[in-house]
Amino acid sequence: MSAIAGVYHFNNEPVPIEHVGGIMGSLRKYPANDIKVWHKENIFLGCHAQWITPESVGEQLPYYDYERQLAITADAIIDNRDELFDQLQVERSRRKMLPDSQLILLAYQKWGEETPKYLIGDFAFMIWDEKKRKLFGARDFSGARTLYYYHTQQQIAFCTTIEPLLTLPYIEKQLNEQWLAEYLAIAGMIDAADASITPYKKIQQVPPSHCISITKDKINFTRYCHLISEKKLNLNSNEEYVEAFQEVFQKAVTSRLRTHLNVGAQLSGGLDSGAVVSFAAKDTQENNKKLHTFSYIPPKDFVDFTPKQLLPDERPFIQSTVQYVGGIQDHYLDFANRNSYLEIDSLLETMEMPYKFFENSFWLKGMFEKAHHEGLGVLLSGDRGNFSISWGFALDYYAVLLKKLKWLQLFYELNQYSQNTGGARLRMLPVVARVGFPIIDKIFPEGISYQLPKLLNQEFAESTGVFNKLKGYGIDQTGWFPGANIFEERKRHFEDVFHWNAGNTLAAKLSLRYAVWKRDPTNDLRVVRFCLSVPEEQYVQNGVDRSLIRRATENFLPDEVRLNQRIRGVQGADWVHRMIPHWDAFVDEVEQLSADQRVLRFLDGQVIKKALLKIKQGAQPEHATDPDYKVLMRSLIIYRYIKKFT
């Protein structure tokens, strides 16, 4: 709900008022309902507040509790308020309007540094414990809110964004080459494997799932949340699993509707966003509210080149969901004349770092703009669904059955699967074998595997020792986990905190820019823990992948959407098509970077020149997934960013 900031001088020197003004002034580019600071001797706390929840309207932040001698500044929406009220024995007369920040302070009074373990929601906060002369803070388990800091023996300064910290005269703006090396070496959407570093050499961040404790003598980090040791749930029937899921998911959705403003949701034609919308609409209709939905569609002149099982324009499925669910004000957004190339500078300014999701960048940002225009406080999403509510990849599960020699069950499943998806009963058996036994692909390769060219300059890689460092995180020279199957990837996804940073950084910073909070019930801690506890056979059964969510949304979603196993929506397929009017400018700028020694110290010039030959042939929309096209867009984003430092 806020951008927070603060400075603490360990040597008891006062924090200069001009330093306070510089930090808070840098935040003025974001809309705010209230701006306040709390300044006492050698410490200052600040808050650039956006009032999203009913309890936050008029909230005093920073807040100082004179009785307990505790001060807090918080960027937080807490979702398990009722549970905390009971545990903390808060009087019922206070509960309705008690702000989340004061609820966190009450929790700290009871549990101290154990407090983050009891909180469910999206949060970053800092508490000044005056009696102990200590700063204590935390970031939620998935890092939905950002929290950066600068630390020396003399002081610590922290903020929700990076730019305000750079206004302090003692913080020099320097490129962190170790961060850049990791960013370039990792093939996936992850920015860096070290979740504590940033693109700025002197500025770090509190990792997701961590709390920070700062005294004059030391700074300590503690990981307070682990998700991999969940015991498997053992219920008596499919129906009991469905009922248990519906209960925990409805609670997660309902708690994220808490706003005095309008509520909306991103809606595609698939299961994750459809489930979120259908459960949310149940609640909004009961409260006589309209649920706004925002759906991305390609421009009118886009010619679909994708295979028949892929669908760039998901309107048929989206409209089916809208009509079936009811109580929805639907918006279909083609973002005409906008594209990935034109949005680079705007996204770099918002993110404060390079990004890899360029195919979808313009519409992700555009949806926040539209949500702000419609007066929304909350924009729901189902971004984490693939690893939580809609888990269940059929072919990978069948590979497990094959390896365990469960032939009867495997052939039954394949027969049912072929009826659901079309095709011969045993046509998928060779594919299942390749999934289960990767050695087959090495001995008998089939086709050309998709892989982005290595963009990292080899000399730069050696000078930073980046691959030795990534090896400690299980990432090899390919830039990813070697030989990992989907089950291992899911385990790593919830075990390693660095998976969360990039996507959540975008959502947090767009929320500040447009005063709209993106909230994801599929990423609710209660939902994640429940889904990790569910046995695998609940996720794939009777030839149905993602079986649990398909069964749990019966009477919530139309069967056309709920039971669809043949067609999959694909967003961003039109990114090259959209850039056609600007293709010459794109080629010219890539030619400039291909000769710029500042950036070639980091990027492989030969890879760029080879790819450049291809784009000079003209924009070909059907090459939207071409690795050379993609590597040049990634290079251009890096190029623009590097120029900011030189």
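Here is a friendly chat about a predicted model.

Mentor: Local features here need pLDDT of at least 70, side-chain atom pairs count only at pLDDT 80 or more, and totals for chains, interfaces and linings use all residues. Residues are numbered from 1 along each chain as its sequence is written, and side-chain values use heavy atoms, with hydrogens and water left out.

Trainee: Is phenylalanine 411 buried, exposed or partly exposed, and why?

Mentor: Phenylalanine 411 lies in helix 12 (residues 407-421); helices are DSSP runs of H or I with at least four residues, and strands are runs of E with at least two, numbered from the N terminus. Buried means under 20% relative accessible area and exposed over 50%, with partly exposed in between (1.4 Å probe, protein chains only). Because its relative accessibility is 34%, phenylalanine 411 counts as partly exposed.

Trainee: In strand 9, which residue is the bridge partner of tyrosine 150?

Mentor: Two strands pair if DSSP finds at least two bridges between them. Strand 8 (residues 148-151) and strand 9 (residues 155-159) have four bridges and pair in the antiparallel sense. The partner of tyrosine 150 in strand 9 is alanine 157.

Trainee: In what order do the six strands of the open sheet lie?

Mentor: The pairing in this sheet is antiparallel. Its edge strands, each pairing on one side only, are strand 2 (34-40) and strand 10 (204-205). The order is 2-3-1-9-8-10.
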